[in-house]
Amino acid sequence: MLNTRENRVFQTTAHIVMMLVVLISVLPFLLVFMSSITEENSLIVHGYSLFPQKFSLYAYEYIAQKGDKILRAYGITLFITVVGTLVNLLLTALLAYPLSRRDLPGKKFFSFYVIFTMLFNGGLVPTYLMYANTFHIKNTIFALLIPTLLLSAMNVLLMRTYFRTSIPEALIEAAEIDGAGQFNIFFSIIVPLGKPILVTLGLFAALGYWNDWTNGLYYLTGTKGEDLYSIQNFLNKLITDIQYLANAQFSGGGAQAAKMPSVSIRMAIAFVAMIPILVLFPFLQKYFEKGITLGAVKE
Amino acid sequence: MKVRKWAPMFIMMAPGLIYLFINNYIPMAGLVIAFKKMDFRKGIWGSDWVGFDNFKYLFTTPDAFVITRNTILYNLAFIIVNIVVGIIFAIFISEMVNKHMKQLYQSAVLLPFLMSMVIVSYIVYAILSPETGLMNKTVLPMAGKDPVSWYSETKYWPYILIIVNTWKGVGYGCLIYLASIIGIDRSLYEAADIDGAGKWVQIRTITLPMLLPSVITLTLLNVGRIFFSDFSLFYQVPQNSGILYSVTNTIDTYVYRALLQLGDTGMASAAGFYQSVIGFLLIIGCNWLVRKLDRDSALF
Amino acid sequence: MVLSTMLTLTALTGCGGNKEASGNNTGAKDTAHKVVMAISGEQQPGQERVMAEVNKILKKDLNMELELMILPWGSTDQQIQLMLTGTEPLDLFRLGSGEAAGYISSGKIEDLGPLIDKYGKNIKEALGEEIAKSANINGFVYGVPTNIERDSTPSIEMRKDLVEKYDIDITQIKSLEDLEPIFNKVKAGEPNMTMLFGAGGVNQPATRYGGFDSLGGFGGVLANDGLESTKVEIRPATEQYKASLDIFHDWYKKGYINKDAPTSQDEPSVVMKAGNTFSTIVGWHPAYQNKEGNYDVVFAPLREHVLHSGSSGYVTLGIARNSKDPDKAMQLLDYIYGSPEVMNLLNWGMEGTDYVYIDKENNTIGYPEGVNDSNAEYHLNLGWQLPNQFIASVWEGSQPADVWDRMKEFNDKAPKSKAFGFMFDPKGYEAEITAISNVNEQYSRSLESGSVDPDEYLPKYVEALKKAGIEKVIAAQQKQLDEFLATKQP
């Protein structure tokens, strides 16, 4: 890169803007964390602050009472995230590659077939009936893995666009002339050269699994179901329970709600849900970086 | 030759296509619910047909115009802002020389993406709450200004919602663009350097044109969702404040509030069906337009 | 495409119409019939052990088994809704007047009327003839009420220490106006304190203050608790509503009510505990706690305790359409209404392990040595969701031993709205109700928290309701109510 004046101005502007972005991204997190260690009563009386007056770990103690359940939930989340992401990526890439070929017979039909699923959906009730009553996935680990999250039409199309624009067609054609099979081409050309998009969409798929609580809400019920709660299900339950009880119209509601520290615990919950990602982030980042740069090296 | 070439391709596609068939196409049969008066004793097929009765409430309401306008305008704003901001960030990050700073910036853009909208609504509340919020308690007094009752002033909310949506969502597009920029052949830039082209010219003549296919794909897909809105963003983030409805009520929040008491499956399906049909028509139209301009970028 | 349609058909026909096939009394005699009952709460580690004990009793007396399904508070409604669309085993579950109309019109629940007549001996004894079948819409009985308070007394709950400090004579509080000088006095001494706390959808001052029979909440109301007139009116158009809102708005302007009342999601108990709040309006009843955290609280009634149209239908147990055998489900339900043993087991667990008698004569119980709130294996403490807590033991310290006698008196003594026992059937007015529902959401919290000027917003509210078609709904409500009243007074 040339060290011209224009480039220097560009770099400086970029740094200033991005530093602002860092600030805007990190400060709210700090606010969440600070609120979570502020004493409940102090929060209600003095309000939210980055420099709280009175500290308390009560919210974390409250969550820690359920320590064994939390560990279990983390385990389940980790499992579904890893397995789900791998399967998701494989299905997505296997579908996206043929769709990226300009000469695929029926290309238009298949593309439309994929896009249509983004536009129309049968709604919750029919989906639930099929999964719960026909496939019987209720209260099994499949309930967290299969519905909705296994393949996203959006990601298929993004990956298709990437394959089409960033992987030279000549490369594939040359391999075909050499007599390479399509699976061979897929694994030796598409996957290595597609790394930037694979890593990016893999990250999104992983986040999808990590952050999902709706599948658990619909398909996990009762004692057996709650044993399979992912961390988000667990935390979401705490949050919605507090909300529900605070607005309960019947007798027992207020008394139940008063037992829970509501304001600080919401923040603590939010923070607990993010800790593992924050911890894993540098590693993910490294992979991410590696994947992206590897993909960029061509030929 | 042909068979040998394409048969493996169809095998590759099969798992994905089958999954979509099960997860998406089979439940689509349930769309008939939108045209039925559901009686679960009789089952979905046995229930009585009621024509377009379930759709009526979407159009007879005096709010029909407001909710449609809000939904469309917000989505348009989101699409445009997310593209512009996403591309700017992606270019900035991709051009960073310092590797550590690059990583830091990447994380910063992604960080808000990790949170659920419910948590975001708590953060917004912690900042804007009239009695305990950071703004009224700390920031505004420091600036010597009077406190603002954020949750009862409509004029701020279009900005707040766009900022929140961008803050939380820009990471998605940004990373897609980043991946595309990295996929651009480096020799193009090297050639430009030799020609003495400056940064700005390189961005305009190489980066942006190469990003166009991704931008078009993302935009087309978002146009298909233009009648849908993120329920949590429009319901939880404004704390369901009644005074703000004129600028926060969208089709999804309207339907939710409408069916609070009735809980009617048919009417809920009707709303979804209506949103889908509009999205479908729009995407067909836009795709046709894109096809005319650039055959390759069309979705189908 | 043919294939797809076929697959679809097989996939979706599972959802209904095949009850006859799986039919009545097909189970072999030696296996007990299992009834599934869903309620909300926290999972109990000792659930299996306690249910085994419950089932010993049920097997012996009824040749049945009970499976208790505990669902999380916040997702119960959604999970039950979904289960009711499918074929999963579910017999008994909690439902309230809010969901009833929707459940009935979509065929998700059984009509309990005939079943109560057939098997409801204990139910009728525990609740009385009138209440037993009172949770109905147009004669369709959607649930059996659990034994709890029927409505409540709108009362002001105040911190006892402050009442004493400022020398307030609470016996002098007879109405809303009497609170003004009290707030004035306390505010002068405690300038940073909230005098009256309001929040959420149901804890706003004016919401709690009540004073209307809302006829199920679909639009029209009867003014003055329905004690005098049976004319259905638009609530925001009544003088009574405006009079109370004027007071609350005045208080809001004076800084008595918390600024964030219209958007706050906090539960009053939590806020009272924090120590920055003097009072809040609550629905008082004899089982109401008189402590908020470390603070003792005192109450003064602001209105009379009146039974409204839906009073007995808020918490009921209904039978799902999924039930393989509604007759048996009702038999089992009726059995629990009359069994202190089963009630104690369900609510408090097993004697010796989960609780011990503290005073056998007064029927009060408490934790055994070494057991407490945080390590208890089974301590449901959700009597209000279970059929009949009035016959179970009372937990020492939480309530006076004679609480259920007081409760019975409280329920029996209250005057009844003229519309008591009436429920509006919203069928045919769905489009109007959805629009009204949106308008109410838009205006009610802002107004009922006192945060906006009634002079400006009430006319807007009424106008919006009229545009949404409230007059049509009110006419229908009036017609149904008149018919109901005609059958009531022969």
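This is a predicted model: local features need pLDDT of at least 70, side-chain atom pairs count only at pLDDT 80 or more; totals for chains, interfaces and linings use all residues.

Biologist: How many bridges join β1 to β2 of chain C, and do they run parallel or antiparallel?

Modeller: There are 8 bridges between β1 (residues 33-40) and β2 (residues 64-71) of chain C, and the two strands run parallel. To pick out one pair, find Lys34(C): its bridge partner in β2(C) is Glu65(C).

Biologist: Okay, now the helices. What do I look at when two of them pack?

Modeller: Two packed helices are described by the angle between their axes and the distance between the axes. Here, take α3 (residues 47-62) and α14 (residues 326-337) of chain C: their axes come within 12 Å and cross at roughly 115°. The crossing of α3(C) and α14(C) is right-handed.

Biologist: Which residues make that contact between α3(C) and α14(C)?

Modeller: From α3(C), look for Leu58(C), Asp61(C) and Leu62(C); α14(C) brings Gln331(C), Leu332(C) and Tyr335(C). By class, the contact of α3(C) with α14(C) has 4 nonpolar residues, 1 polar and 1 charged.

Biologist: And between chains? How many residues does the contact of chain A and chain B take from each?

Modeller: Chain B gives 77 residues and chain A gives 82 residues. On the chain B side, several helices supply at least two residues each, among them α4 (64-94), α8 (157-182) and α10 (199-223). The largest share comes from α1(B), with 16 residues.

Biologist: What is the chain B side made of, by class?

Modeller: The side of chain B that touches chain A has 48 nonpolar, 22 polar and 7 charged residues.

Definitions and conventions: Residues are numbered from 1 along each chain as its sequence is written. Chains are lettered from A and ligands numbered from 1 in the order in which they are written. Two residues are in contact if their C-beta atoms, placed from the backbone, lie within 7 Å. Helices (H or I, at least four residues) and strands (E, at least two) are DSSP runs, numbered from the N terminus. Ala, Val, Leu, Ile, Met, Phe, Trp, Tyr, Cys and Pro count as nonpolar, Asp, Glu, Lys and Arg as charged, and the others, Gly among them, as polar. Axes are lines fitted to C-alpha atoms, for helices over the stretch in contact, and angles run from 0 to 180 degrees between N-to-C directions. A crossing is left-handed if the near helix is turned anticlockwise from the far one by less than a right angle, and right-handed if clockwise. Two strands pair if DSSP finds at least two bridges between them.
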